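Student: I'm new to this one. Can you walk me through it?

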Amino acid sequence: MTEKLTFNSKNTIAYEENARVSIPTYDTLFAMVQSYFRTQLGEKEASLLVIGAGGGNELAAWGPSNPKWTFTGVDPSKEMLQMAENKSIQLGIESRVQLIQGTTADLPPSESKFDAASCILVLHFIEDVQQKLELLQTIKGKLKPGAPFVLVTAYGDPDDTELQDRINVWKSFFFDVGYDSSKLDEMGKGIMNISFIPEHHIEQLLEESGFTNITRFYSTGLFAGWICHAE
Ligand SMILES: C[S@@+](CC[C@H](N)C(=O)[O-])C[C@H]1O[C@@H](n2cnc3c(N)ncnc32)[C@H](O)[C@@H]1O
């Protein structure tokens with residue numbers, strides 16, 4: 001069994017580079033989500049809840065170009081949050097950013113709800129399906145009625161060759177940047193430690209959590225993204 005991925009200081013530095021190999025459309029994804037949120041939120045001031053804000057890439061992609069948006073970022077990893085904080089200071093957006101170390105359970109109780117939320121590349125790190133559901137339900141509970149939500153996660157049936165084929169595609173991204181074959185085989189086995197569930201099951205969890213108009217808008221390699229709205 002390969003070691004479980006944790007976001008410690010060593011992995012945190014590697015994250016920036018690996019994310020863009022693992023997902024060749026990584027930066028485009030953030031641009032796409034920004035476009036979607038912009039059309040949904042219009043010109044007004046808006047509060048965004050960023051689940052898994054570690055690394056600060058949502059903040060960096062959406063903060064400077066949307067001066068009316070404020071961000072509440074939640075992430076259990078101290079090291080990843082440190083990166084997020086550094087980025088928001090470098091970009092001069094720190095007055096519009098609140099970072100909370102922990103999970104949604106650590107969000108302060110508040111009367112006011114968020115105008116939008118994202119949960120990008122987090123859900124597959126939560127093994128238990130009931131806990132995945134609880135996370136989505138909590139996010140839904142923090143949103144204003146009708147608010148847009150974007151979920152991006154790994155997907156697939158671990159027992160289906162379709163996923164194995166996509167893992168081969170994913171390995172080819174790393175091959176192309178110079179990883180050797182023995183390392184790739186190890187990575188192929190290691191990636192199975194994240195929690196893959198089939199696409200229809202992800203959509204079912206979103207529906208069960210109280211999201212509507214669930215539409216898949218994105219897919220690259222192992223990962224896919226859905227837009228939807230809080231009921
Ligand atoms: C692959 S990174 C994605 C970070 C960022 N969203 C991005 O796309 O660059 C996954 C992040 O999810 C965080 N995470 C894991 N479990 C979480 C949870 N229950 N709630 C919020 N964040 C979580 C990890 O600490 C890590 O920073």
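Tutor: One term to begin with: two strands pair if DSSP finds at least two bridges between them. Helices (H or I, at least four residues) and strands (E, at least two) are DSSP runs, numbered from the N terminus. This is a predicted model, where local features need pLDDT of at least 70, side-chain atom pairs count only at pLDDT 80 or more, and totals for chains, interfaces and linings use all residues. Residues are numbered from 1 along each chain as its sequence is written, and side-chain values use heavy atoms, with hydrogens and water left out.

Student: Good. What is the order of strands in the open sheet?

Tutor: The order is β3-β2-β1-β4-β5-β7-β6. That makes seven strands, with mixed pairing.

Student: Which strands stand at the edges?

Tutor: β3 (97-101) and β6 (211-220) do. Each has a single partner strand, so one side of each is left without a neighbour in the sheet. Neighbouring strands are turned by 15° against each other on average, direction ignored. Axes here are lines fitted to C-alpha atoms, for helices over the stretch in contact, and angles run from 0 to 180 degrees between N-to-C directions.

Student: What does helix α8 touch on the sheet?

Tutor: α8 (residues 199-208) touches β5 (148-154), β6 and β7 (223-230). Its direction makes about 145° with that of β6. Contact means heavy atoms within 4.5 Å.

Student: Now β1. How many of its residues are buried?

Tutor: Six of six, over residues 46-51. Buried means under 20% relative accessible area, exposed over 50%, partly exposed in between (1.4 Å probe, protein chains only).

Student: And which residues lie on which side of β1?

Tutor: A46, L48 and V50 are on one side, and S47, L49 and I51 on the other. Both faces are covered. In a regular strand the side chains alternate between the two faces of the sheet.

Student: In what sense does β1 pair with β2?

Tutor: Parallel, over six bridges, with β2 at residues 69-75. A46 stands opposite W69 in β2. Between β1 and β2 the chain passes through helix α3 (residues 57-62), and this β-α-β crossover is right-handed. That is, with the strands pointing away from the viewer, the path from the first strand over the helix to the second runs clockwise.

Student: How many bridges link β1 and β4?

Tutor: Four, also in the parallel sense, with β4 at residues 116-120. There, L49 has A117 as its bridge partner.

Student: What about β2 and β3?

Tutor: They pair in the parallel sense over five bridges.

Student: Switching to helices. Which residues of α6 are buried?

Tutor: L163, R166, I167, W170, K171, F173 and F174. They cover an arc of only 150° around the axis, which puts them on the same side of α6. The arc is that of the directions from the helix axis to the C-beta atoms. T161, F175 and D176 are exposed on the other side.

Student: Which helix do the buried residues of α7 pack against?

Tutor: α6 (161-176). In α7 (residues 181-190), the buried ones are L184, M187, G188 and G190. Their arc is only 160°, so they sit on the same side of α7. The face turned away carries the exposed S182, E186 and K189.

Student: Last one: is S88 buried or exposed?

Tutor: Buried, because its relative accessibility is 2%. S88 lies in helix α4 (residues 78-90). Not counting residues up to four places away in sequence, S88 touches I93, E94 and V97.
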